[in-house]
Amino acid sequence: MTTTAELKKLYSKGKKKKILVIISLFLALMATALFSLSFGASSPGITEALSVIVSKTFPFLNITPPSALAETIIWTIRLPRIVMAIIAGAGLAAAGATMQGILRNPLVSSYVLGISSAAGFGAALAIVFGISIATLGGYLVIGNAFVFCLLAMVIVYFVARIRGMGSESVILAGVAVGFLFSALLSLVQYISPERNAVQAIVFWLMGGLYTSSWQNILICLPIVAVTVILMMFQAWNINILSMGEEVAVSLGVNSKRVLSFNMVLETIATASIIAFTGIIGFVDLIAPHIARMLIGNDYRYLIPCSMLLGAFMLLAADTVGRLIIMPTELPVGIVTALLGVPFFIYLLISKRRRSFN
Amino acid sequence: MKMSISNLSFNYAGVPILNNVEFNVGLGELVTIVGPNGSGKSTLLKCINRILKPKQNSVLINGVDSGKLSVKELSMIMGYVPQTSVSAFPFTVFDVVMMGRKPYIHWSVGERDSEIVALMLDFLGIGHLALRHFSELSGGEQQKVIIARALAQQPEILLLDEPTSSLDIRHQLEILCILRGLAQSGGRSVVVTLHDLNLASRFSDRMIMLKKGYVFAMGRPEEVITSQNIKTVYGICADVSASVMGRPVVTPLVDDFGDFTSRASVLFETKPPELKP
């Protein structure tokens, strides 16, 4: 018979293992970032890359960057793109993980909840009419995509609330709203008077990190950081909700309030990312599942683990996309799926335990 | 803790499920609720635990209106074991029982929390399952895990919804022995719904028999388990003259209820095709 002392030891041992997994993932991510920074159409090398970063972050050290060209490539082109990949991957994965948990459904992603289609429609609207009328500043497309994401969430919320805020009503409402916005998106493309605009829409819908800039990061990072921290505080609530809404109430969790609050958090996080990057799918669906296989379902560890994996996936895919057919590049969405799907299927087949019931 | 329920009524979409239910549960008492399917047993437990909210609140805990307590405060007083438990994602047994500590945990799990979880696992004899996944366990093991979770809440009152309904006879007895122990020497008030009248009769301090949402009979098992009551509430004839350890034993006297033996003969006219070797 196992004694209580042994049981406690087993539990703390499991905890240490999880922390170890998270630390290793973090190191892997940093290594990938360094690699990504040093290679590309022009390859300044790791030492040059590092010296640019050090000279920029600590100007008081008076280190002169290797060359103005290296400085431009590393600091104004490559680094923002890498940082954006990390923010986007981490934020999307955190939102995906928590949404899957709250709705108790392993298939939930921003596609299923209608957020992606709404962003696409918002962007298309801005592209078509922004181009044909006048330019209303660089943030027209971004702002519109963001606003339509929130609009989709509000519609889903009110439809689901009539049906008592059950998880299946949220999902069904999300699917319906998603179809509505993709139909509207097609309509905008169909009636668009300008060919260029349609092309621009298709390009936007593929998603990509090539437009990343420090300015965008300055807007995106605080939003993602705040929402993700708030998600982390929901970890216990999400754990408990996976046992069902009634049980959650008996364990002191107000399940409807938790569901609504998380819907808002996840939508804001996702919207603030895909408004800048275009639609990046797959990461928010798959990264949490790989994380579950590695670390289990305790959301206190699952959220950070998903974030690191999401960031790693997106950064790796973007780096491959940049390097594989230099000097042109493949959109990150295509590469993520092409590399991620075989890997995920391999995990799905090889693992004895399932990551969902 | 003493709990008194008075004037409890509940409707599902206009259909009355519970009508003016009234009873008390004392400290260290094991009370079973019996009654036919649809008589409102599960609804009654959910109303007590405020998973369902009756229009007018009617549960007093030590004289305090339970509707005035927050969900969290209530979860420190009452533990609830649902009829069946499924987890959408796999959790280990230790993690599931740790969820019972939710009312006391803010973020990180303290020394005392894992101490209590380990204690409950040990008490129920499921320590060896601690790192197994909940969904991989047998029905009896799962039921013990969920009871451990409810105990980890350190509640004064335990509510269990048909905890024995999918278990073999050994596990049924084991679960009820656990509950009796928790009531008699653990000082908890235990309210449990049961289908098995013999189990209820054997283990209850007091029984409540529901019929169509109202309390039809209430009292010690020998007062509630009578041929007359069973006839009226369940519509079957039963003999209750036998007794084991001073508690009445129910033997149904019905043989061909609904005349199925003769009626089934006309259901299938076609002969099965001849199978050739």
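This is a predicted model: local features need pLDDT of at least 70, side-chain atom pairs count only at pLDDT 80 or more; totals for chains, interfaces and linings use all residues.

Mentor: Residues are numbered from 1 along each chain as its sequence is written, and chains are lettered from A and ligands numbered from 1 in the order in which they are written.

Trainee: How many helices and strands does chain B have, and what makes a stretch count as one?

Mentor: Chain B has 10 helices and 14 strands, where a helix is a DSSP run of H or I with at least four residues and a strand a run of E with at least two, numbered from the N terminus.

Trainee: What is the order of the strands in the open sheet of six?

Mentor: The order is β6-β7-β8-β3-β9-β10 in chain B, with mixed pairing. In this sheet β6 (78-81) and β10 (214-219) of chain B are at the edges, because each has a single partner strand and so one side without a neighbour. Direction ignored, neighbouring strands of the sheet are turned by 15° against each other on average.

Trainee: How do you know that β7 and β8 of chain B pair?

Mentor: Pairing requires that DSSP finds at least two bridges between two strands, and β7 (residues 157-161) is joined to β8 (residues 189-193) of chain B by five bridges, the two running parallel; therefore they pair. Ile157(B) stands opposite Ser189(B), and Asp161(B) has Thr193(B) as its bridge partner. Strand β3 (residues 30-34) of chain B also runs parallel to β8(B), with four bridges between them, and there Val31(B) is partnered by Val191(B).

Trainee: What makes the unit of β7(B), helix α6 and β8(B) right-handed?

Mentor: A crossover is given that name if, with the strands pointing away from the viewer, the path from the first strand over the helix to the second runs clockwise. The unit formed by β7(B), helix α6 (residues 169-184) of chain B and β8(B) is a right-handed β-α-β unit, so its path runs clockwise in that view.

Trainee: Why is β8(B) called mostly covered?

Mentor: Five of its five residues are buried, a word that applies if 20 or more other C-beta atoms, placed from the backbone, lie within 10 Å of a residue's own, whereas 12 or fewer make it exposed and values in between partly exposed. In a regular strand the side chains alternate between the two faces of the sheet. On one side of β8(B) Ser189(B), Val191(B) and Thr193(B) are buried, and on the other Val190(B) and Val192(B) are buried. Across chain B, 44% of its 277 residues count as buried.

Trainee: What is the phi of Asn7(B), and of Lys212(B)?

Mentor: Most residues other than glycine have a negative phi. Phi is near 55° for Asn7(B), a positive value, and near 45° for Lys212(B), also positive.

Key. Axes are lines fitted to C-alpha atoms, for helices over the stretch in contact, and angles run from 0 to 180 degrees between N-to-C directions.
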